Amino acid sequence: MSNWVIAMMLGASVFLGALGLFAFLWAVKSGQFDDEEKFLNAAKFDGEDELNDAYRQEQKKKALKKEYRPE
Amino acid sequence: MSNKVACSHCHLEFDEAVMIKDNNHYFCCNGCQGVFKLLSDEGFDGFYARTQNVKLSPPLEKFEDSSTFDSESFRDAFVKVNSDGFNEIALIIEGIHCSACVWLNEKALHKMDGVIEANINFTNNKATVVWADGVVKLSEIIEMIRSIGYDAFAYDSSIQEVYANKERKSYYLKMAVAIFASMNIMWIAIAQYAGYFTGITQDIKTILNIAEWILATPVLFFSGWVFFRGAYYGLKNRVVNMDLMVATGALLTYIYSIYITVTEYGEAYFDSVSMIITFVLIGKFLEVLSKKNAADTLDIIGKHIPSEIKILLDDTITTCKLENVKVGNIVVVSSGERVLLDGEIVKGQGSFDESNLTGESEPIYKKAGDSVISGTTSIDADIYFRATKDFKHSTLSNLVTLLESAINKKPKIQQMANRLSEHFSSVILGFSFLTFMVWVMLGNGFETSFMIGISVIVIACPCALALATPVATLVGLNLGARRGILFKEAAQIETMAKVDTLVLDKTGTLTVGKPEVIKESSFEEFDKGLLYSLVKLSKHPVASGICRYIESQDETIKEILFDKFSQIPACGIKAQYGGREILGGNLKLLELHGIKVDFISDNTLFYYAVDKKVISIYELSDKIKESAKELILEMQKRDINVVMLTGDNEKSARSVASKVGITELYYEQTPEDKSNFIESLHAQNRSVVMVGDGVNDILALSRADIGIVMGSGSDIAVEIGDVVLLNNSLTSLKDAFKISKITFGLIKQNLFISLVYNAVTIPLAMAGYVIPLVAAISMSLSSLLVVGNSMRIKYKFKQK
């Protein structure tokens, strides 16, 4: 086995692992694990409706923001 | 047996006959029916799929007016404007039982126009709501929460709490990085160790070294940053601390390893770098996690003080900000409300619950001319009183200020391990430098000398020392939790083991805290159902005591509806049933109705009379808890001084003290007296455990080195206590002492083990017999030894 194969395998696996780590860090930072109960229940119950709700909520926020700050 | 069905909303089970039937659903009350209808109409049925069979409490039907939420004073106190220009408020939602409740509240709020964000935390029931002011009013939001069966009140989300959460989150991030990198480095290190014994080409070794280098860098400089910062602040204050030791050890090893990697000579030790940082970081995180949040405590107290008060101005009742009430204003208090200012009654009469301040469970009757104290609650009195002090000088406000300062001033016995490590660190760093100098002077190369110098630090790596305390306390905490003893902070176990004085409250701590029937003298046969229904009408503790007594004798007893009934303040209850006049209450009630009775007893008496004839007399007294005597004996065996403090009168204090064997007692103590007493003990250099349960104990609890609270105690007391006894038993209190003593003994043993280990290995390292690889392996061994030793706490506890 040549050296570069070892180097490449090490590099690739650490890179993939790091991707997972960054996803986790982002999730922690944006508060997705703040309430463990809610997070577990979202995985259990949330479906299409909840997704639509979340989207509508975003839209509402955007619309209100425009109204609120006319500039 | 009759048929029991569950309410479709709250799932509480009742007799089918008393339920409201609606289509195929049963409801226990109108409130539940209303909420159920609303949820189905709005399309929130998903709520019931999520609750499954969790029992909820039926919705309250009476609320205070929600318009106060829109008032100017309320806005000033609680509403913030966020960066987008929207309004934001922190609320505590009451009535949340399960995650479905959270789901429902969020969904209902999201559906409202103008609500931009509603985020509820299940764990602490705290919610953040963001809304646009022009579109929706806060009172409408509160109304919505109430309409679906919950209640909300505002709290001041202090900066302190935000800061604590931020710190915890930053630790999560640091730990995630450290653990990820360490795990990967360990895999690579296995290849290297294997290569060390079976042979490995220099090329592969360098590749592995570089991979480790890349992984170890974020661990040292991102995760390990806390140690560099700690070391810097330590040096600034001229203290050599554990952080400095960890930081220099890791940094030197890191630099040395880079040098090895680049020059392709010898072994690199990136694995030691990341392992040291990761382990010590986890230990540090456990400390941060267990630190009690003083901010939370003060929030809970604040919740009990409404910001507005009703006053009489020009013959009309208006609401006014609490701080703006002046001496001389007439304040209005209705039954069930709290008195928020000190004053003198000008109109009205009734009973007041002063247990908050005195611990006395008996309500006190007051009439015009008597003084009322802030912090007490009106049980059945509607009164007008003239304020004699403004809020800043009131008893209640004093209590809160004293408490705030007490929380911040809480004494802490300095932790032994920290003190030890301080000296330890400077000694080791000195040794390491000395070793390096001596080896250089003896004519060895820089490289060899440097490597040996580093091996001294690595082998003395504070792992075992740093683990000695936390591992043992964790085992102790776990053992306590299984027996219903909740230590809120790890360090408290250590503090508790050093205590020499135990201060006990009487009511609720040594005694059950509720009057129980000890003797019943009936003069003729009578219908117990009538008496049961009569005492059920009152919330007076004596009535509840009789209620419990009858229930314990006859579980199937049923309530009867009276034709008419009325409560006579501070006397008892009067009712009409089938043309008969029924009376239940104290001697005063009988005298009031011209009934004469001859009965003498030391205990509290309850008379039951039908048609002016006394039928039965009940004697009630506060029972002493089962293992009280045992506890006192055990304390004496341990050479711990036992003192009893009570707000009660001399007679009942002495009788309880003599029954359990306490010789030192103080009676008629106000909350301030109790706390001053603890201070005076501190002045004598004694460390004190205070055990209590009520609001009247909280000052003393927060002043004491360790405050132990009965789980059944008031919210505030449970929040303030350092240790909570969930099952309220005094056996747990005894166990708590035992656990802390054993744990502390093992901590000392652990420290001894790690010191002996260092005493043996450090000279070897200095003499150059230990290469860093061996150092790293033996370091893990010493840590394992310490962990294994800590596990013995459980066996020791069972043996004794």
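Two strands count as paired if DSSP finds at least two bridges between them, and helices (H or I, at least four residues) and strands (E, at least two) are DSSP runs, numbered from the N terminus. With that in hand, welcome to this predicted model, in which local features need pLDDT of at least 70, side-chain atom pairs count only at pLDDT 80 or more, and totals for chains, interfaces and linings use all residues. Residues are numbered from 1 along each chain as its sequence is written, while chains are lettered from A and ligands numbered from 1 in the order in which they are written.

**A three-stranded sheet in chain B**
- Three strands of chain B make an open, antiparallel sheet in the order β15-β14-β17.
- Its edge strands are β15 (364-366) and β17 (377-378) of chain B, each of which pairs on one side only.
- Strand β14 (residues 350-353) of chain B runs antiparallel to β17(B), and two bridges join them.
- D353(B) has T377(B) as its bridge partner in β17(B).

**The strands around β26 of chain B**
- Strand β26 (residues 613-624) of chain B is joined by eight bridges to strand β21 (residues 511-522) of chain B, and the two run antiparallel.
- Within this part of the chain, T511(B) has I624(B) of β26(B) as its bridge partner.
- Strand β25 (residues 604-610) of chain B also pairs with β26(B), over seven bridges in the antiparallel sense.
- F606(B) stands opposite Y618(B), a residue of β26(B).
- The hairpin of β25(B) and β26(B) has two residues between the strands, and D611(B) there takes a positive phi near 50°.

**A look at chain A**
- Chain A has three helices and zero strands.
- Along the sequence, the pattern of chain A reads α-α-α.
- Of the 71 residues in chain A, 4% are buried (20 or more other C-beta atoms lie within 10 Å of the residue's own, with C-beta atoms placed from the backbone).

**Where the two chains meet**
- The contact takes 25 residues from chain A and 23 residues from chain B; two residues are in contact if their C-beta atoms, placed from the backbone, lie within 7 Å.
- On the side of chain B that touches chain A, α4 (99-111), α6 (159-198) and α7 (202-223) of chain B each supply at least two residues.
- α6(B) gives the most to that side, with seven residues.
- By class, the side of chain B that touches chain A has 13 nonpolar, six polar and four charged residues; Ala, Val, Leu, Ile, Met, Phe, Trp, Tyr, Cys and Pro count as nonpolar, Asp, Glu, Lys and Arg as charged, and the others, Gly among them, as polar.

Methods: A residue is buried if 20 or more other C-beta atoms lie within 10 Å of its own, exposed if 12 or fewer, and partly exposed in between; C-beta atoms are placed from the backbone.
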